[in-house]
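Trainee: I would like to learn how to read the packing in a model like this one. Please show it to me first.

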Amino acid sequence: MPEIFNLYGYSFFFWSKEHEPIHVHVEGSDGYATFNWDEQNATFIQRECFNIKAGDLRKIKKAIAEREQEIIDRWNEYFNS
């Protein structure tokens, strides 16, 4: 499970055997979320969320938006090399 980064007590990662589209999993002690890359709109969109507080979810979304190129690069490095 390659971890991309860790913020606010949440791990941002993808599984070693993944599928398209590019997406990132976010998991902490309280909950879990997944965000898919929307190529048409050039942004990550929340696919699912379970038991993450609204304030934490806002921080997570902001972190993903600020680091979206890093997430895409890490995905491509891992799955296309």
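**Helices, sheet and core**

Mentor: Helix H2 (residues 68–79) lies across S1, S3, S4 and S5, running at about 150° to S1. Helices (H or I, at least four residues) and strands (E, at least two) are DSSP runs, numbered from the N terminus. Contact means heavy atoms within 4.5 Å. Axes are lines fitted to C-alpha atoms, for helices over the stretch in contact, with angles from 0 to 180 degrees between N-to-C directions. The model is predicted: local features need pLDDT of at least 70, side-chain atom pairs count only at pLDDT 80 or more, and totals for chains, interfaces and linings use all residues. Residues are numbered from 1 along each chain as its sequence is written, and side-chain values use heavy atoms, with hydrogens and water left out.

Trainee: At what angle does helix H1 run to S2?

Mentor: At about 35°; H1 (residues 54–66) lies across S1, S2, S3 (23–27), S4 (32–38) and S5.

Trainee: In what order do the five strands form the sheet?

Mentor: Strands pair if DSSP finds at least two bridges between them. Here the open sheet has the order S1-S2-S3-S4-S5, with antiparallel pairing. S1 (3–7) and S5 (43–50) each have a single partner strand, so one side of each lacks a neighbour in the sheet.

Trainee: Which residues touch the most other members of the largest nonpolar core?

Mentor: Such a core is a set of buried (under 20% relative accessible area, 1.4 Å probe, protein chains only) Ala, Val, Leu, Ile, Met, Phe, Trp, Tyr and Cys residues joined through side-chain atoms within 4.5 Å. Of its 20 residues, they are Phe12, Val24, Phe35, Phe44, Ile60 and Ile64. H1 gives the largest share, four residues.

Methods: Buried < 20%, exposed > 50% of the residue type's maximum accessible area, 1.4 Å probe, protein only.
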